[in-house]
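Me: Can you take me through this model by question and answer? I'd like the helix packing, the DNA surfaces and the chain pairing.

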There are 2 protein chains.
Amino acid sequence: MSSSRPTISDVAAAAGVSRAAVSKVLRDAYGVSPRMRERVERAIAELGYRPREAARAMRTATRTIGVAVPLLRGQFFADILDGVYDELDTGPYRMLVSPFDHETSERNPGMESLWDREVEAVIVVSPKVRASWLDSFAQRLPTVVVARHDASDHYDRVVNDDRAGAALAVEHLAALGHRRITHLSHNVSGPGTLSPHAVREAGYREAMQRLGLDASLSVVTCGGSEAETYRATAALLDRGDPPTALFVGSDQGAFGSLRALSERGLRVPDDVSVVGYDDTQFASHPRFSLTTVAQYGTAMGRVAAGLALERIKVRTEAREWVSQPALIERESTGPVRLA
Amino acid sequence: MSSSRPTISDVAAAAGVSRAAVSKVLRDAYGVSPRMRERVERAIAELGYRPREAARAMRTATRTIGVAVPLLRGQFFADILDGVYDELDTGPYRMLVSPFDHETSERNPGMESLWDREVEAVIVVSPKVRASWLDSFAQRLPTVVVARHDASDHYDRVVNDDRAGAALAVEHLAALGHRRITHLSHNVSGPGTLSPHAVREAGYREAMQRLGLDASLSVVTCGGSEAETYRATAALLDRGDPPTALFVGSDQGAFGSLRALSERGLRVPDDVSVVGYDDTQFASHPRFSLTTVAQYGTAMGRVAAGLALERIKVRTEAREWVSQPALIERESTGPVRLA
DNA sequence: CGACTATTGTGGATCGATCTACATTTTTCA
DNA sequence: TGAAAAATGTAGATCGATCCACAATAGTCG
């Protein structure tokens with residue numbers, strides 16, 4: 001008994017007051033004399049007492065926002081978490097992260113686990129889970145979905161204008177004289193979900209058509225990891241007759257493409273130009289100097305947290321926030337080589 | 001009432017049985033007829049019922065392991081989280097991540113928050129928090145500390161042999177003919193805590209002495225981010241008379257050094273050799289091809305999770321697991337240039 | 001002084017699960 | 001057939017907080 005965690009009763013006994021009195025001190029409630037506060041606070045310090053969140057949760061809200069992210073070693077997720085932390089840091093809400101296996105599709109166990117713990121809202125990056133599941137989840141708990149284009153009346157969305165972003169990339173390459181621009185898309189889940197990668201692909205197709213480049217339109221689909229994109233790029237290059245420019249669906253993937261190009265002795269941008277997406281930390285490194293489309297992940301995280309807080313307090317209708325992408329020109333792109 | 005979360009009573013009412021009966025089904029306890037299980041499970045599905053973790057936690061263990069990591073965009077932390085997830089994925093335990101501000105030193109709010117939520121054990125990477133605080137925390141809750149060298153009877157440790165790792169780096173450079181080897185250390189918290197960076201620095205000093213290079217011993221201290229190491233390296237180079245080799249305390253930092261070297265037109269390894277630490281994902285990329293010391297973060301995470309589970313079940317005495325570092329030779333190091 | 005108001009503190013119901021102790025029904029088998 | 005054993009189900013205490021309702025005491029003022 002004395003070895004286990006102290007409870008509010010232990011504190012009350014030590015301070016010689018009632019449990020209710022201790023609770024009032026804890027909650028800064030009305031009706032506490034300075035003398036009593038003194039005694040209770042001393043007892044709390046002596047016992048090292050901290051209230052159990054579970055017992056509190058039985059009666060009150062948890063003041064916690066859950067974040068469910070795929071367990072994926074990408075800089076972009078870290079950026080989002082940073083933004084959420086930033087936004088919550090100053091207020092009374094805490095953040096709890098529940099990672100999940102990236103391949104989830106029917107349900108999302110990370111989100112369910114947060115729901116079981118009664119977080120007051122959930123921020124989620126879950127590109128592959130079923131839209132209908134997401135929608136029904138959001139009917140039960142305020143939900144902010146990051147980086148998905150599915151419309152819904154039930155959850156807020158923080159999303160990048162991926163169509164515009166893809167257009168920026170294609171226009172940039174076209175302006176440099178490139179015609180044979182291949183898109184390496186991470187849109188693996190097919191046309192069902194409106195993942196950012198599906199929209200980027202659509203944006204690419206549109207832009208190519210608009211610029212009269214339909215003939216050289218070419219899409220290769222692969223997973224978003226560096227390794228998978230490396231393999232896809234290698235296969236593409238070994239097929240012979242490689243394109244003069246690659247627009248890759250993510251920086252992470254673009255680094256994989258650069259690896260494949262390096263190995264084959266192809267120079268960037270002299271032989272092949274490369275554009276990424278996300279403007280992650282390494283894109284700016286001189287060893288890469290990757291031209292890329294910025295979507296400002298940290299800002300997206302901050303906004304997501306802000307929307308979650310609003311939803312908890314008052315708002316009822318769903319909202320959408322769109323981040324405007326920007327092209328960041330670096331040295332991985334250049335004029336097309338004269339044949 | 002009907003709009004709020006369904007409880008076990010709602011399920012009991014819908015199925016026409018008692019609350020206790022539903023509980024038995026939930027827990028797979030003895031004394032449930034197939035017929036009753038059928039009815040209860042149908043009611044659960046219909047209502048979309050999920051038990052509240054808080055109510056469960058009042059009576060039973062939470063089957064959750066908490067992980068507290070600094071909110072820091074480093075690949076190494078992602079590796080550890082991956083390892084923990086891996087290890088827990090197959091069993092009944094879930095994982096919950098509580099990020100905290102990297103600068104914490106008196107207490108660690110991420111760990112406290114997990115303790116409030118009654119996780120059964122905590123895995124923590126917290127290089128800067130006070131050793132005494134860590135020790136007293138571990139007396140209350142099974143704790144596995146990753147990447148700290150403080151001895152303790154109360155927590156388990158998963159640590160890399162940083163002394164040996166530093167020696168590997170120095171020996172490698174010395175074998176290539178380097179004498180003027182500068183160590184860029186991230187040991188910013190001073191000699192108080194036994195952070196991995198403090199031990200790496202000590203290992204560097206020892207190795208230099210052992211090899212008779214005391215005269216050219218040189219340590220620069222800076223933060224571990226790419227940006228901070230970039231600035232420190234730039235300052236070092238601009239001081240004139242630069243060393244022929246850099247041993248940087250992390251890959252992250254080494255990338256910053258490479259940035260500074262690039263900007264000054266210094267070639268790697270022709271002008272300066274560079275060794276990192278961690279063998280993170282990007283080290284192997286041909287654009288970096290960074291020689292580095294591997295400490296196998298994912299394995300460390302897996303081991304940490306394993307130790308945590310052991311501690312929860314039976315073990316009482318503290319244990320230590322040491323990961324053996326290995327030098328990964330790549331192209332950022334080469335023979336010293338003839339003067 | 002006496003009535004009224006503030007201030008300070010407490011008792012005990014409550015949240016939603018778990019799980020022991022027990023009651024009731026069904027099955028087994030000598 | 002009948003007694004013991006097994007199977008099935010329930011009542012109600014319990015975990016540790018919160019917080020309403022109320023009691024006791026102190027303070028104010030005409």
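Me: In chain B, which loop holds B:Asp279?
Reply: Let's go by the elements on either side, where helices (H or I, at least four residues) and strands (E, at least two) are DSSP runs numbered from the N terminus. B:Asp279 of chain B is in the loop between β9 and β10 (291-294).

Me: Before going on, what pLDDT do local features need here?
Reply: Residues are numbered from 1 along each chain as its sequence is written, while chains are lettered from A and ligands numbered from 1 in the order in which they are written. This is a predicted model, where totals for chains, interfaces and linings use all residues, side-chain atom pairs count only at pLDDT 80 or more, and local features need a pLDDT of at least 70.

Me: What is the phi of B:Asp279?
Reply: B:Asp279 is not a glycine, yet its phi is positive. The value is about 50°.

Me: What about A:Pro269: what is the omega of its peptide bond from A:Val268?
Reply: In chain A, A:Pro269 is placed in the loop between α11 (251-263) and β9 (273-278). The bond from A:Val268 is cis, with omega near 5°.

Me: Are α8(B) and α9(B) parallel, perpendicular or oblique?
Reply: For α8 (162-175) and α9 (196-210) of chain B, they come within 7 Å and cross at roughly 45°. Under 35 degrees counts as roughly parallel, over 145 as roughly antiparallel, 65 to 115 as roughly perpendicular and the rest as oblique. That makes α8(B) relative to α9(B) oblique.

Me: How many charged residues are in the contact of α8(B) with α9(B)?
Reply: Contact calls for C-beta atoms, placed from the backbone, within 7 Å; B:Asp162, B:Arg163 and B:Val170 of α8(B) are among the residues involved, and α9(B) brings others including B:Arg200 and B:Tyr204. Ala, Val, Leu, Ile, Met, Phe, Trp, Tyr, Cys and Pro count as nonpolar, Asp, Glu, Lys and Arg as charged, and the others, Gly among them, as polar. Here there are ten nonpolar and two polar residues, and the charged ones number four.

Me: Which element gives the most to the surface near DNA strand C?
Reply: Near means a C-beta atom, placed from the backbone, within 6 Å. There are 26 residues around DNA strand C, with A:Ser18 and B:Ile8 among those that come nearest. With five residues, the top contributor is α2(B).

Me: And which element has the largest share near DNA strand D?
Reply: DNA strand D is surrounded by 26 residues, and A:Ile8 and B:Ser18 are among the closest. That surface has twelve nonpolar, six polar and eight charged residues. The largest share, five residues, comes from α2(A).

How values were computed
Axes are lines fitted to C-alpha atoms, for helices over the stretch in contact, and angles run from 0 to 180 degrees between N-to-C directions. Two residues are in contact if their C-beta atoms, placed from the backbone, lie within 7 Å.
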